[in-house]
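Keep the 3D view open as you read.

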Amino acid sequence: METISRIAIVEDTPRPVAIATHTFQGEARTRWHSHRRTEFIYSTTGFLTLTTGRGKWSAPSGYGLLVAPNVLHELAGFGIVDIGAAFFADDQVRPTGETECEILRVSPLLQATLGALAQEPALYDLSGRAGHLAALAEYEIKRAEIIGSGLPLPTHARLRTLCDELAATPDNDWDLDELAAMTGFSRSTLTRKFRSETGLSIAEWRRRSRLVHFQTLQASGVHPARAAKQAGYDNYRSFRDMSRRLGAAR
């Protein structure tokens, strides 16, 4: 996977909304970084994942990721991903509550507005067309529908190592006894600590992780049947049934 040192940063541009664009070819990721402004990352193609110290959020085309200021994160793209990154100066544009990131639905109007604003000069006329586009972008972000939730990550070192291993090998069939042995915890301690740190059972966490893995493979051009197998399912029908149940539970 290619590592991108940085996407052209425009967040210091003295405008209420500043936009940078970039294309990820194949599989690529940024280095860990943060921004002083709230960032909205979206794409018209491919699949994005964003990882922080507390969780992982994913967005196919048609969705975007709203990231709070000063949150250290890593962005990865799968497939050919045309990325837009909009930086908002308005402190009212940010994830709600204590959430670091939210998955938002990108309406056709929001996509068109951000696309048009990206074509304007960086130092656009605040009283002209671009100024109105920026105001509309802020309004549309504030009213955008929040979709689903991220994949929470534990802060406990042994639990985080376990999650990293489960994410890296989604087709494993380790049972709870084997997982407990891997962490050095008893079964009961593992299940209690895991739920306390993530809000999910291990089974629920694995299902969400496998869904993200399937989506990244499919965005990279892997056939759905093969992607389902690599994500840990016997066949695509089993995966499809699981994803429907997971969607209904959200």
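**Strands and a helix pair**

Q: In which sense do strand β4 (residues 38-43) and β7 pair, and over how many bridges?
A: This is a predicted model. In it, β4 and β7 form a pair of strands. Their sense is antiparallel, and the number of bridges is four.

Q: Which residue of β7 stands opposite glutamate 39?
A: Glutamate 39 has its counterpart in β7. That residue is valine 67.

Q: Over how many bridges do β7 and strand β10 (residues 101-105) pair?
A: β7 and β10 also run in the antiparallel sense. One of the bridges joins leucine 65 to isoleucine 103 in β10. The number of bridges between β7 and β10 is five.

Q: How many residues of strand β7 (residues 63-67) are buried?
A: Buried means under 20% relative accessible area. β7 has five residues and is mostly covered. The number buried is four.

Q: Is the crossing of α3 and α6 left-handed or right-handed?
A: The handedness belongs to the crossing of helices α3 and α6. It is right-handed.

Q: Which residues of α6 make the contact with α3?
A: From α3 come Cys163, Leu166 and Ala167. The residues of the contact divide into four nonpolar, two polar and one charged. On the α6 side they are Trp205, Arg206, Ser209 and His213.

Technical notes:
Residues numbered from 1 in each chain as written. Predicted model: local features only at pLDDT ≥ 70, side-chain atom pairs only at ≥ 80, totals over all residues. Heavy atoms only, no water. Left-handed = near helix turned anticlockwise from the far one by under 90°. Helix = DSSP H or I, 4+ residues; strand = E, 2+ residues; numbered from the N terminus. Contact = heavy atoms within 4.5 Å. Nonpolar A, V, L, I, M, F, W, Y, C, P; charged D, E, K, R; others polar. Buried < 20%, exposed > 50% of the residue type's maximum accessible area, 1.4 Å probe, protein only. Pairing = 2+ DSSP bridges.
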